[in-house]
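Open the model in your viewer and keep the selection panel at hand. We will walk from the whole chain to single residues, one selection at a time.

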Amino acid sequence: MPGTASVLDVSLSPITLLLCITCLLIALLIHTKRNAKALTEGLRWAPSPPGYPVVGNLPDIIKAAKADRMHLQMQTWAKEYGPVVKVSAGTIDQYFINEDKAVKEILDKHSATTSDRPRWIYSNEYVCDQKNVLLLSASHPRWKNQRKMINAMVTSPAAADAALPLNNFETARFLHAVITDPLANTPEQNVWAKLKRYQYSLFALQTFGFPINNEDSPSINYIFYSVFESIKGTLPGAKIVETFPILERLPMVLKPWARAGRAAHEQDLAWCRERMQRCKDAIAKGTALPYCTLARLLQDPKLGGLDNEDEAAYINLELIGAAADTSMMTMWGFLEAMLSYPAVQQKAQAEIDAIVPDRLPVWEDLEDMPYLRCIMKEVWRWRPPVALGHPHVAQEDLEYKGIQIPKGAFLHLNAWAIHHDENRHKDPDAFMPERYEGDDRSVSEALLASKNAMNPESQQAINLADPTQRDHFAFGAGRRICPGYHVAERSFFVGFSRLLWAFDIKPEPNAVLPLPQDSGFNGIMPGSRGKDLPFMLVLRDESKRNVIEQEYQQEMANFEVVLEMGDL
Ligand code: HEM
């Protein structure tokens, strides 16, 4: 996976350089003017780490990003400066929200005016051509339309439940691939490639309606790099035009970012259109899957409220990215925990064995497996995949505990600092699912029509009035909160419960444990992949092999039609 450092593009032609210097001076003037904005009486500006003239804290940010330590740097500043810290990246002022109560106040209660996104010229306007819900401004009508469609067709509890058979299918294939690999039970077996195939295939089926059958399918890399391209331009300092938007007024010939962004979008559209055609063919033949979002969109006379077929195809590509990468990161955090905390693993296996000794676990078993629910919460607390939040923008001046946050400020939910604050979570660096004992809340709605759902005491975590009681902030907050949490909970539970049912997750013979936080196992963010985790999967006992074989054969028969469709 490319690191942040590799995306910092600072090579400029002499003309662009000259223009940059001019823009820099103008930007400085604007910035100084903005900072000179009157402070409301009785308020103060947010504390800020000392920076350099013009570039502010950018050198520290780049240094930390190069070392994959951004989250740790922001945590240090959170400890030093308090619940709201201003970090300047050149002309961009980023406000890191480092406390649960501040998240509630700023992102939840003021959601109407804190749910916009920054203007991202390269990523949103060029690479995604304003078709990607994640990057769209809240004032763009497409943002609401896409969220509505996603909720109705993909992420509502009903839609997430409808995709459960796919979870069972893909995880059975994964387990089978592990036990039948000639290198099974050895460190040489590439478990990660198998995990990746299953996660990407799971969401490829839910979106375009085609599986990914091979570990080396080019679609996996294509999706990863395409989505990465759309995200990388949002990183501070990554694209000069974001720091100096005035450069966007230059003619096209002087805008390399615009040409590169458009080319990337055209390539993605061609990729999506090819798959959309195959989806249309499947509809015509009557073989389109009931779970396939694109097929349902194309058969809806209103196209799910979207503008055109290109948008329908494109949003499905972006959805695979949003879902698969964060799910992979979740799995990474889980595996890292199991390696370092074998006692937790054994306790979880004992709970699974007591409920399902001779079949694979399914989502509905979660109700009877409270310790596994605690593990889910603890993985998302311990290794939140989006550790520093995806930035929102303040649409008007705000106040929190006497601090003035100006209109236009970038707002980052610092999930890492909140989750690792010793005042909120005792011994926060330890992986300790027991800290959630008795908390049977789901991220949002309770399980199916479970007894918990009927229990008025069982409020949902994200809606709790008291944010100190909320389990974690891995899915963000406010109106921009991740719509995918029902899907994520189901896919994570089915995935990791089956993994624990079948295998012992063991360290490789030469592994050094515990894995230190700073050792490079985490990549650009905690939970993203840095160095290979030194783990191996070892079948717990031979009786498991028969069960896996039987369930696999059953699933292959159930999904015969899927397998005939060919790779995405
Ligand atoms: C473990 C899994 C996941 C994690 C940790 C995660 C986390 C996040 C976070 C932190 C955000 C930004 C929220 C904000 O701006 O406050 C986000 C946005 C989003 N996520 Fe997820 N996500 C996960 C899985 C999924 C899945 C499975 C889907 C879809 C099926 C999905 C779809 C989206 C979309 C569409 C957005 C953009 C929302 C918007 O900007 O309005 N995510 N996610």
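**Before you start**

Residue numbers start from 1 along each chain, following its sequence as written. This is a predicted model, so local features are given at pLDDT of at least 70 and side-chain atom pairs at pLDDT 80 or more, while totals for chains, interfaces and linings use all residues.

**Stop 1: the whole chain, coloured by pLDDT**

Colour by pLDDT, the predictor's confidence in each residue, from 0 to 100. The chain averages 89, and 87% of the residues score at least 70. Now select residues 1-11, where pLDDT stays under 50. The model has 22 contacts beyond four places in sequence for residues 1-11, a contact being two residues whose C-beta atoms, placed from the backbone, lie within 7 Å. Residues 444-459 also have pLDDT below 50, with 24 contacts beyond near neighbours in sequence. Where pLDDT is low, the predicted coordinates should not be read in detail. For the complex, the predictor gives an ipTM of 0.99 and a pTM of 0.91.

Next, switch to a cartoon view. The chain has 21 helices and nine strands; these are DSSP runs numbered from the N terminus, with helices being H or I of at least four residues and strands E of at least two. Of the 568 residues in the chain, 48% are buried. Here buried means that 20 or more other C-beta atoms lie within 10 Å of the residue's own, exposed means 12 or fewer, and partly exposed is in between, with C-beta atoms placed from the backbone. Among contacts between residues at least 6 apart in sequence, 73% join residues at least 24 apart.

**Stop 2: the ligand**

Centre on the ligand and show its shell: which residues are the closest? They are A323, T326, G476, C482 and G484, out of 29 residues that surround the ligand. A residue counts as near if its C-beta atom, placed from the backbone, lies within 6 Å. By class, the shell has 18 nonpolar, nine polar and two charged residues. Nonpolar covers Ala, Val, Leu, Ile, Met, Phe, Trp, Tyr, Cys and Pro; charged covers Asp, Glu, Lys and Arg; the others, Gly among them, are polar.

Highlight α6 (141-155), α14 (309-340) and α19 (485-502), each of which supplies at least two residues of the shell. α14 gives the most, with six residues. Stay on α19 for a moment: 18 of its 18 residues are buried. From its first C-alpha to its last, α19 reaches 26 Å, close to the 26 Å expected for its 18 residues at 1.5 Å a residue, that is, 1.5 Å times one less than the number of residues.

**Stop 3: the four-stranded sheet**

Select the open sheet with the order β2-β3-β7-β4, whose pairing is mixed. β2 (84-89) and β4 (392-393) are at the edges with a single partner strand each, so one side of each has no neighbour in the sheet. Two strands pair when DSSP finds at least two bridges between them. Go across the sheet pair by pair:

- β2 and β3 (residues 92-97) run antiparallel and are joined by six bridges; look for K86 opposite Y95 in β3.
- β3 and β7 run parallel, with four bridges; F96 has H412 in β7 as its bridge partner.
- β4 and β7 pair in the antiparallel sense over two bridges; V393 is partnered by F410 in β7.

Show the side chains of β7 (residues 410-413): F410 and H412 on one side, and L411 and L413 on the other, are all buried, which leaves both faces covered.

**Stop 4: the three-stranded sheet**

Move to the open sheet ordered β1-β6-β5, again with mixed pairing. Its edge strands, β1 (44-45) and β5 (398-400), each pair on one side only. β5 and β6 (residues 403-405) are antiparallel over three bridges, and Q404 in β6 is the bridge partner of E399.

**Stop 5**

Most residues other than glycine have a negative phi. Select V54, in the loop between β1 and α2 (58-66), where phi is positive, near 65°. V54 is partly exposed, with 14 other C-beta atoms within 10 Å. L303 lies in the loop between α13 (293-299) and α14 and has a positive phi of about 55°. L303 is partly exposed, with 16 other C-beta atoms within 10 Å.

Finish at A260 in helix α12 (residues 256-285). Its C-alpha is 8.2 Å from that of Y126, 134 residues apart along the chain. A260 is partly exposed, with 17 other C-beta atoms within 10 Å.
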